[in-house]
Amino acid sequence: KAVVSTQSTGGENYDLLYNLGELWSEFMREIIPTLQLIFANIKHLNAKGDSVERITLEQFRDDVVLCTDIETVIQNIIQQNESVYEIPRSVIQMLLVLGNLANSDKTSENQRRICNLCSLVVKPYINPFEDAKTIQQY
């Protein structure tokens, strides 16, 4: 089982990202399907337009991802001229999935933070000739 430290500096940058990526993979592979199975017959969730998956992903974003130093770690990687291509693909997938969650009033700040991280890690793939340091933050 992956353990995610809440603080990371220096050489721990990649450890935090690796552990978070491992946790994300297990979360998507094991936890979400289990919760969907357990709560499959609850009608009032679907009537409101909510789904177990969306609610669970929002909580994962707010209580796991954004409680780590992932923003600092990714910004440090870019500032130290390290390649964003070294960020685990599972972390990039995680940010893209979480960045596509439907926005609600209470989570708009957290959603903005995730979208900012998406822009940092995806931009080099879209335009590999642009220096990652020039990416404007929201």
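User: Which residues do ring pairs link into a cluster here?

Analyst: The cluster is made of Trp 24, Phe 27 and Phe 60. Before we go on, keep in mind that this is a predicted model, where local features need pLDDT of at least 70, side-chain atom pairs count only at pLDDT 80 or more, and totals for chains, interfaces and linings use all residues. Residues are numbered from 1 along each chain as its sequence is written, and side-chain values use heavy atoms, with hydrogens and water left out.

User: How do I read a ring pair, and how many aromatic pairs are there?

Analyst: Rings of Phe, Tyr and Trp (its six-membered ring) pair if their centres lie within 6.5 Å; planes under 30 degrees apart are stacked, over 60 edge-to-face, and the rest tilted. By that rule there are three aromatic pairs. Take Trp 24 and Phe 60: their ring centres are 5.4 Å apart and the planes sit at 55°, so this pair is tilted. The pair links distant parts of the chain, with Trp 24 in helix α1 (residues 12–38) and Phe 60 in helix α3, 36 residues apart.

User: Are Trp 24 and Phe 60 buried or exposed?

Analyst: Buried means under 20% relative accessible area, exposed over 50%, and partly exposed in between, using a 1.4 Å probe and protein chains only. Trp 24 is at 0%, so it counts as buried, and Phe 60 at 5% is buried too. Across the protein, 39% of the 138 residues count as buried.

User: What does the secondary structure come to?

Analyst: Helices (H or I, at least four residues) and strands (E, at least two) are DSSP runs, numbered from the N terminus. This protein has six helices and zero strands, so to speak of its order along the sequence is to write α-α-α-α-α-α.

User: Which residues of α4 are buried?

Analyst: They are Ile 70, Glu 71, Val 73, Ile 74, Asn 76, Ile 77 and Ile 78. That makes seven of the ten residues of helix α4 (residues 70–79), so the helix is largely enclosed by the rest of the structure. Just after α4, look for Asn 81, which takes a positive phi of about 60°.

User: What does Leu 95 touch?

Analyst: A contact means heavy atoms within 4.5 Å. Leu 95 sits in helix α5 (residues 89–99) and is buried at 0% relative accessibility. Leaving out residues up to four places away in sequence, Leu 95 touches Ile 70, Ile 74, Ile 114, Leu 117, Cys 118 and Val 121. For the protein as a whole, 68% of the contacts with a separation of 6 or more are between residues 24 or more positions apart.

User: Where is Arg 113, and which backbone oxygen does its side chain reach?

Analyst: Arg 113 belongs to helix α6 (residues 108–126). Its side chain reaches the backbone oxygen of Leu 66 at 3.5 Å. With residues up to four places away in sequence not counted, Arg 113 touches Leu 66 and Glu 71.

User: How many salt bridges does the structure hold?

Analyst: The general idea is that side chains of opposite charge can pair when their charged atoms come close. The cut-off is a side-chain nitrogen of Lys or Arg within 4 Å of a carboxyl oxygen of Asp or Glu. The structure holds five. In one of them, Glu 58 and Arg 54 have their closest N and O atoms 2.5 Å apart. The two are four residues apart in helix α3 (residues 52–63), about one helical turn, and both are buried. Another joins Asp 62 to Arg 61 at 2.7 Å, and again both residues are buried. Then there's Arg 29 with Glu 30, at 3.9 Å; here Arg 29 is exposed at 53%, while Glu 30 is partly exposed at 42%.

Note on methods:
A polar contact is a pair of N or O atoms within 3.5 Å; within protein, one must be able to donate a hydrogen and the other to accept it, and residues adjacent in sequence count only if both atoms are side-chain atoms.
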